[in-house]
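This report is meant for a reader who is meeting the structure for the first time. Please look over the sequence and the model before reading on.

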Amino acid sequence: MLLNLERLDLLVAHYVAGCLPEPAHILVGSHLEMQPSSGRLAGELEVLAGQSLEDAEPSGLSSSESRLKAILESRPEIEVPPIIARQGDSLPHYLRSYAGRNLDDVPWKTKLPGKQHVIEKSSGMEASLLWARPGRALPHHHHKGLELTLVLQGQFYDHRGAFSQGDVSVADETIIHRPVAASDSPCLCFSVLLAPITLSGPTFRMLGDILGV
C-alpha cells in the first residue's frame, strides 16, 4: 500500500504540473476534492512551483511574446464559480462536468460483476464508471500499462489492502490482482485505463468471478 501512496503523490505532482491526460486529470482532481489531505499536498506543490518561477532569472520577450503578453493582460477578469461540495449521491464536481450528467442519470449497461458506463473510449484509453455488487470480484488480471481507479462509494480490496471512498488505486505492469467489493455495500468507482488488461489465473476461477459463484 505504501508504494501505491507514493505513486499517488507522483500523480498529484503531475496534476499540478498539468501534464496528465484529460481523464487522468479529472480522476486526480476528483480525488483532491474528496480527500482534503491530498488537496493540501497539491496546494503546497503549487506554492513551490510559484516560488520557483519567481526565483527564476527573467529573460527578455520577443516582439511576438510581447504582443501576446499585452493581449492576455487586456482580457477582462473571468470569475470562476466555486466548486460545489459533493452531497449525497452526487458525483464530484470535476467528474460530473466530464461525464456530462449526475449519478441518477447514468445510462448503465450490464457488465458482470455489476454494471458499467463508458464515458470516453479511444484506441489507447478508456474512462468509465464501474459499479460492482457487494462481495463480487473482478476476475484475476494483470496490466499492460497504467490503470487508475478512484473509489466514489463503498470499498474494494486486493492483496495490497482496502481502498475506500476517495482512495485511488494505481496499478501498472507490476500489479497482478483480483479486486473484490466489500460485502456490506456495492462499490462504485471511476476507472481510467490507459492500456489493456489481460485476464489470468485458473479458468474455473475466472468463470466463477464472472458468474458470481
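## Terms and numbering

Two strands are said to pair if DSSP finds at least two bridges between them. Helices (H or I, at least four residues) and strands (E, at least two) are DSSP runs, and they are numbered from the N terminus.

The model is a predicted one, in which local features need pLDDT of at least 70 and side-chain atom pairs count only at pLDDT 80 or more, while totals for chains, interfaces and linings use all residues. Residues are numbered from 1 along each chain as its sequence is written, and side-chain values use heavy atoms, with hydrogens and water left out.

## The chain as a whole

The chain has six helices and 12 strands. Of its 213 residues, 38% count as buried, where buried means under 20% relative accessible area, exposed means over 50%, and partly exposed lies in between (1.4 Å probe, protein chains only). The accessible surface of the chain comes to about 12,400 Å², and 57% of this surface belongs to carbon and sulfur atoms; such areas come from the Shrake-Rupley method with a 1.4 Å probe, and for residues only the protein chains shown count as cover.

A contact is defined by heavy atoms within 4.5 Å. Among the contacts in the chain with a separation of 6 or more, 66% are accounted for by residues 24 or more positions apart.

Strands β6 (residues 155–158) and β7 (residues 161–164) run antiparallel and are joined by four bridges, with a hairpin of two residues leading from β6 to β7. Within this pairing, the bridge partner of Y157 in β7 is A162. Strand β6 also pairs with β10 in the antiparallel sense, over two bridges, and there the bridge partner of Y157 is V180.

Together these strands form an open sheet in the order β7-β6-β10, with antiparallel pairing, and its edge strands are β7 and β10, each of which pairs on one side only. In a regular strand the side chains alternate between the two faces of the sheet. In β6, the covered face carries F156 and D158, whereas the uncovered one carries Q155 and Y157.

Leaving aside its neighbours within four places in sequence, S30 is in contact with P92, Y94, L95 and L150.

## Residue G39

G39 is found in helix α3 (residues 36–55), and it counts as partly exposed because its relative accessibility is 27%. The C-alpha atoms of G39 and V28, which are 11 residues apart along the chain, are separated by 9.9 Å.

## The largest pocket

A pocket is found on a 1 Å grid over the protein atoms alone, as an open set of points where a 1.4 Å probe fits, with protein on both sides within 12 Å along at least five of seven lines; its lining residues have an atom within 4 Å of a point. Grid points are joined across faces, edges and corners, and the volume is the space filled by probe spheres set on the points.

The largest pocket holds about 630 Å³ of space. It is lined by 32 residues, of which K111, L130, L138, E147 and I197 are the closest to its centre. Strand β3 gives the most to this lining, with five residues.
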